[in-house]
Amino acid sequence: MEFGAVFRSLTFPQIFNFNKKPAEEEEEEEDEDLSDSEDSVFSGLEDSGSDSEDEEEEGSNDKEDGDDEGLKTGPEESEQVEFYVCVSRVFRVQLFSDVVVPVQDIRNTVGNIPMEWYRDFPHIGYDLDGKKIYKPIRNKDELDEFLDKMENPDYWRTVHDKQTGSDIVLSDEQVELVNRLQRGQFGDVNFNEYQPQVEFFSGDLMVHPVSNRPADKRSFIPSLIEKEKVSKLVHAIKMGWIKPRRQDDDSRGRYYDLWTNEDSSILAKHRMHLPAPKIPLPGHHESYNPPPEYLFTDEERALWEQQDLSDRKFPFVPQRFSSLRQVPAFPRFIHERFERCLDLYLCPRQRKMRVNVNPEDLIPKLPKPKDLQPFPTTQSLVYRGHSGLVRSISVSPSGQWLASGSDDGSVRFWEVRSSRCMKTVQVGGAVRSVAWNPNPSVCLLAVALDSVVLILSPSLADRQVVSSSERLLSGQQEEEPAEGVGPVTWSEGEGEELNQGIRLKIQHPKAVHQVAWHAKGDYLASVMPDHSSHLQVFIHQVSRRRSQNPFRKNKGLVQCVSFHPVRPYFFVATQRSVRIYNLVKQEMTKKLQANSKWISSMAVHPGGDHVVCGSYDCRLSWFDLDLSTKPYKMLRHHKKAVRGVAYHRLYPLFASASDDGSVIVCHGTVYNDLLQNPLIVPVKVLRGHVITHDLGVLDVTFHPTQPWIFSSGSDATIRLFT
């Protein structure tokens with residue numbers, strides 16, 4: 001019997017009932033208990049007759065006979081194989097090379113739903129019998145997957161079926177089918193995509209029509225629907241709702257010049273349209289007969305050829321021709337036009353609002369320097385005597401004496417007006433800082449070297465001042481130092497030290513870099529920069545010989561400190577900021593951001609409301625404490641690191657010293673009106689120091705009463721500018 005007849009005679013349950021077994025297997029399995037009978041499997045689908053069952057048995061007999069004879073290659077058998085291939089792909093029936101044997105149908109019947117819904121269940125779906133399809137036990141981890149990939153030769157053709165949770169090994173035919181589909185070929189090998197087309201309508205004129213169907217009645221009767229539409233349109237035209245199209249007037253002309261007026265083009269009507277930049281007009285160098293000065297010499301031509309394309313002044317070499325007929329075609333014409341097109345649509349253009357401003361109006365109206373006198377202008381005296389770097393200088397409150405400390409291990413006292421060295425004290429180490437006591441009733445000098453702070457009494461005053469200094473140093477001598485401060489020890493000078501004027505020695509745990517006095521002259525602050533320790537700042541009371549560490553923890557590396565001239569405030573400058581502490585309330589009141597990399601020096605205005613800071617990145621920051629915590633003005637006048645800054649006590653002057661060997665004096669007027677900003681005007685640049693070992697001016701200070709300024713440098717000299 002033909003295969004097509006068998007297929008047409010079978011009903012749906014008989015074709016797809018893969019659970020049905022042959023008669024021999026049924027006889028063997030009669031003793032086994034079955035959960036469901038055949039009638040219960042396809043209930044409601046038992047509409048097949050006995051004739052079809054007989055035909056199916058005959059068809060099965062024919063197939064068995066065919067198996068005995070071997071594989072057939074006729075067209076009927078090829079259609080049969082193709083049918084089973086389709087059935088095997090759709091309904092998961094195993095396809096063998098010579099026999100098609102239906103297997104148990106474990107097809108998942110859940111439909112087209114996300115399989116993640118069954119993630120928390122032990123089963124993965126249901127088969128045709130309504131039974132659960134349990135997930136296979138998959139104990140593979142990444143290591144087992146890797147070993148399987150290395151050892152299993154069929155790993156590359158194994159795919160995972162999400163609906164059944166099992167791994168399926170593709171056969172050679174299936175792999176070949178996948179490869180053909182990936183290459184864009186047809187799945188069937190025998191399909192010919194180039195077979196001749198059967199033309200239904202030929203080019204020959206036929207006597208009889210293809211369809212001799214009579215015409216419909218509606219083809220020659222007027223349509224009522226169209227009549228209703230036309231009546232609506234006529235009514236709309238009468239009411240003026242629909243206006244007829246205007247005929248274009250050809251007299252206007254359809255053509256226009258796009259480049260006559262660019263502003264009238266469609267693009268110019270756009271709100272943000274930016275017209276393209278014009279090409280510069282040709283000059284004399286582009287002439288075919290340019291003047292001689294535009295022609296290149298041999299040196300200029302060689303230089304032009306060595307330059308980069310973007311650095312050349314002209315994109316071509318000017319040439320001279322006797323007549324215009326001899327001028328050849330420009331070889332880079334197309335390339336140049338192409339670059340012009342690229343510039344037009346690739347280069348971004350930005351609209352700039354031009355404001356007609358007089359350049360002189362942008363310069364601030366500053367007073368002339370001659371109207372801001374007095375200020376130091378010329379070098380008057382040079383104090384020579386040190387053999388090393390003079391790192392620090394200080395002027396006595398009376399303005400008569402000048403003290404200086406140097407790397408040669410000496411502290412010298414100079415008379416200001418005569419530049420004569422009155423006294424030299426050898427301290428046995430490089431002096432980092434000297435500070436004269438600001439109290440005019442005493443005559444004391446603090447010297448910082450290594451880890452010791454010395455209190456010197458130079459005896460360069462009258463007897464009353466010297467005696468008051470001695471009383472300050474020995475007033476509370478019998479009292480013991482305060483408890484709780486172990487790192488600092490106080491001791492008195494002995495023997496030769498007393499003869500030189502060294503009265504007290506304050507021993508510190510680290511090297512001291514700076515000392516600063518309080519305005520009343522009884523308290524002294526010392527700075528020891530060290531990241532690893534919280535003991536960076538100490539405050540000493542000379543009259544009671546007590547020392548205390550005001551900070552439990554230092555935030556950053558302390559560079560310098562200073563007392564407020566009037567209020568109980570304490571300024572601490574770290575690398576990037578200045579912190580202001582209230583000594584009475586024992587709390588931080590303000591933090592100033594210097595906007596510089598490394599602060600080197602600091603000075604407080606005599607009024608106490610302004611601070612100036614110098615930094616190693618050549619910046620000078622002026623802070624207005626009532627205005628903001630950020631600099632009111634940044635001055636970048638120096639070319640190298642700023643080493644020292646200073647305010648004048650009486651005059652509106654401040655100065656900065658730098659490694660470039662210069663001292664810049666500025667006029668800084670501070671007004672009592674809080675609404676008026678300070679007036680800062682640079683007035684003079686003082687030079688005279690010689691730069692030695694890349695170091696210039698190391699310290700600067702003003703005379704207490706006169707508009708004079710002292711500077712010390714790396715050339716072992718001190719200079720007075722008046």
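These questions and answers look at strands, a sheet and cavities in a predicted model.

Q: Which residue of β20 is the bridge partner of Cys560?
A: Cys560 belongs to strand β19, residues 560-563. That strand is joined to β20, residues 569-573, by four bridges, and the two run antiparallel. In β20, the partner of Cys560 is Ala573.

Q: How many residues lie between β19 and β20 in their hairpin?
A: β19 covers residues 560-563 and β20 covers residues 569-573. The two strands form a hairpin. The number of residues between them is five.

Q: Which residues of β19 point the other way from Cys560 and Ser562, and are they buried or exposed?
A: In a regular strand, side chains alternate between the two faces of the sheet. In β19, Cys560 and Ser562 share one direction. The residues pointing the other way are Val561 and Phe563, and all four named here are buried.

Q: Which strands stand at the edges of the open sheet of four strands?
A: The order in this sheet is β5-β33-β32-β31, with antiparallel pairing. An edge strand has a single partner, so one side of it is left without a neighbour in the sheet. The edge strands are β5 (379-384) and β31 (697-702).

Q: What is the average twist from one strand to the next in the sheet β5-β33-β32-β31?
A: This sheet is open and has four strands. Its pairing is antiparallel. From one strand to the next, the twist averages 20 degrees.

Q: How many charged residues are in the lining of the largest cavity?
A: The structure holds three cavities of 30 Å³ or more, and the largest has a volume of about 60 Å³. Its lining includes Lys553, Lys555 and Arg579. Lys and Arg count as charged. Beside four nonpolar and two polar residues, the charged ones number three.

Q: Which residue is the charged one in the lining of the second largest cavity?
A: This cavity holds about 40 Å³ of space. Its lining has six nonpolar, three polar and one charged residues. Among the lining residues, which include His637 and His638, the charged one is Arg619.

Terms used: Residues are numbered from 1 along each chain as its sequence is written. This is a predicted model: local features need pLDDT of at least 70, side-chain atom pairs count only at pLDDT 80 or more; totals for chains, interfaces and linings use all residues. Side-chain values use heavy atoms; hydrogens and water are left out. Buried means under 20% relative accessible area, exposed over 50%, partly exposed in between (1.4 Å probe, protein chains only). Two strands pair if DSSP finds at least two bridges between them. On a 1 Å grid over the protein atoms alone, a cavity is a set of points where a 1.4 Å probe fits but cannot get out, and a pocket is an open set with protein on both sides within 12 Å along at least five of seven lines; lining residues have an atom within 4 Å of a point. Grid points are joined across faces, edges and corners, and a volume is the space filled by probe spheres set on the points. Axes are lines fitted to C-alpha atoms, for helices over the stretch in contact, and angles run from 0 to 180 degrees between N-to-C directions.
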